[in-house]
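Subject: Structure handover and findings

Dear colleague,

Please find the structure below.

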Amino acid sequence: MNEEWKKRTVYQIYPKSFCDSDGDGIGDIRGIISKLDYLQNLGVGAVWLTPMYCSPQVDNGYDISDYYEIDKLFGSKNDFLELVEGAHKRDIRIIMDLVLNHTSTDHMWFKKAFIEKDNKYRDYYIVKPGVNGKEPNNWKSFFGGSAWEKIEGEDNYYLHLFAKEQADLNWECEALRDELSDMMKYWVELGVDGFRLDVINLISKDQAFPDDDTLNDIPGKKYYINGPRLHEFLKEINTKIFTPFDVLTVGETMDASVEDAVLLTSPQEKELDMIFAMEHMQVDYKNGDRWSVQDTDFLKLKDILSKWQYKMEETGGWNSLFWSNHDQPRVVNRFGDNGKYRVESAKMLATVLHMLKGTPYIYQGEEFGMPNPGYETIEEFEDIESLNVYKERKERGIEESTIMQGICRQSRDNGRSPMQWNASEGNGFSSGTPWIKMGRSASLINAENDLKREDGVFHYYKKLLEMRKTEELVREGKYVRLEENDPSVWCYLREGEKEALLVIANFFGEKTEFKMPKQWNDNYEITEKLLANYSDTEISESYMKLREYETAVFRCIKKR
């Protein structure tokens, strides 16, 4: 990844929920165009757009029925080209979301695949005969139930690791891989600067398709996560598309370890620029179950993120840094405070993330501390995964209150509720009825209100984004953790030859005192305070008294 990309912070837009220009209750491309000046003001260097291709919207656009066309739901191809041009004029690059593991069953390929058995498009999908009148194996879908769907009029089944309307593609088929490469080239030639590759580490399956006899929560995972030909396939499309066209790539990789990330992102391997690692997103899963609630394991959170910093630095790989996205709850609810200290905790969480080494990703609304929508009943949720979990757990006899506690906290709809722009009717998102309910806090917590505050979250984010552009230590400084097991504080350095940045953060809503380690006292002294979420932050040579969610960044010089 070139140095210019390292200066850029990526802003993720979920188009359906960002800004609606025509009053139909669904965000669209012209709505995004209307907010380009807002994004430029924030200082973002790239925008990642979740899928806007033609789709039946079974899984909110991740079920693509035509890779080459923009869905009318969002606008036209001309609207998209205007968006690209407008973004580029503001030095904002465009990253498109791309689903290469599966298509919608409404895709032309799938519709033609089963007209007759020797049709070439049948090879584009994973089709297997049943076994003793049942599915080919015991693999389960991530959305619940079997991962196989019977083909009407046949004894064969097609694989779908997600919804039955999302049929998995057969990457063993060279003709399919050529089609996908041609499609990516098409978008690059229209001005797209990069791709976020959805569940990219699922594209290679064990061709024996064995039963999974492990006690896995989703049987089958071990036979397709980081499958046998994954690296071969990625190297192939890198050679064809990514390197020749200088395309930025970030892969969504399920259950990826740091060792997996090293292989996927090593510059020498020429596969991907970076990946989204999910390990730190599981520190509030009770016994590994996302839908069972427990408090965040703070020590584990620090350990995981530090491990990724150290390991990727050793090998020359590059981190993607994020707290939130369209699949995750809002960070102020999850790791901060959505009450009295919402602003302070939003700034603290931004500081510790943006000062790490890698490319930060901001999810729409995060820049003003937007919280979860506060949905309380299952009728308020739209997400297919959440609805399936509710149904499945009800059938297992789990109490309603227990099920809803998990869904209200972890549902993907927490990140998908409409952007809260202002306090007007429709909250600046739409003049019509939104496709999903506005958040309960929209009239108070919104972009317009936050922008009016000189000490608002938006202006704080703006400073962080500017520091990434101007401070080489933010981009290239060595990560050094200064504490090991402090139950409240995360303290680390971004170290250069003569200078360093010191980052200190209290992760909790209680005051604490942090004793500076001997390693610090012996080697450094502070020259200036660069950033803090309290106006009167102070530090002595030996300790720092930290208020609720207090954080600060200091410039330091080496004593010798």
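What share of the contacts in the protein chain with a separation of 6 or more comes from residues 24 or more positions apart? The share is 71%, where contact means heavy atoms within 4.5 Å.

Please note that this is a predicted model, in which local features need pLDDT of at least 70 and side-chain atom pairs count only at pLDDT 80 or more, while totals for chains, interfaces and linings use all residues. Residues are numbered from 1 along each chain as its sequence is written, and side-chain values use heavy atoms, with hydrogens and water left out.

Overall chain

The protein chain has 18 helices and 24 strands; these are DSSP runs numbered from the N terminus, with helices being H or I of at least four residues and strands E of at least two. The radius of gyration of the protein chain is 24 Å, which agrees with the value near 24 Å that a compact globule of 560 residues would have. That radius is taken over C-alpha atoms, and the globule rule is 2.2 Å times the number of residues to the power 0.38. The C-alpha trace spans about 75 × 55 × 50 Å along its principal axes. Of the 560 residues, 61% count as buried (buried is under 20% relative accessible area, exposed over 50%, partly exposed in between, with a 1.4 Å probe and protein chains only).

The largest pocket holds about 1,200 Å³ of space. Of the 41 residues that line this pocket, Phe142, Asp217, Ile218, Arg290 and Glu385 are the closest to its centre. Strand 15 (289–293) and helix 12 (384–395) are the elements that give two or more residues to this lining, and helix 12 gives the most, with 5 residues. By type, the lining of the largest pocket divides into 13 nonpolar, 12 polar and 16 charged residues. Here Ala, Val, Leu, Ile, Met, Phe, Trp, Tyr, Cys and Pro count as nonpolar, Asp, Glu, Lys and Arg as charged, and the others, Gly among them, as polar.

A pocket is an open set of points on a 1 Å grid over the protein atoms alone, where a 1.4 Å probe fits, with protein on both sides within 12 Å along at least five of seven lines; lining residues have an atom within 4 Å of a point. Grid points are joined across faces, edges and corners, and a volume is the space filled by probe spheres set on the points.

The second largest pocket holds about 480 Å³. Its lining has 27 residues, of which Met1, Asn2, Pro267, Leu272 and Asp273 are the closest to the centre. Helix 9 gives the most to this lining, with 3 residues.

Individual residues

Tyr310 lies in helix 9 and is partly exposed, with a relative accessible area of 34%. Not counting residues up to four places away in sequence, Tyr310 touches Tyr479, Val480 and Arg481.

His354 belongs to helix 11 (residues 342–354) and counts as buried because its relative accessibility is 0%.

Most residues other than glycine have a negative phi. Val199, however, has a positive phi near 30°, and Asn226 has one of about 55°. Val199 lies in the loop between strand 11 (194–198) and helix 7, where Asn226 is also found. Val199 counts as buried at 2% relative accessibility, whereas Asn226 counts as partly exposed at 26%.

Yours sincerely
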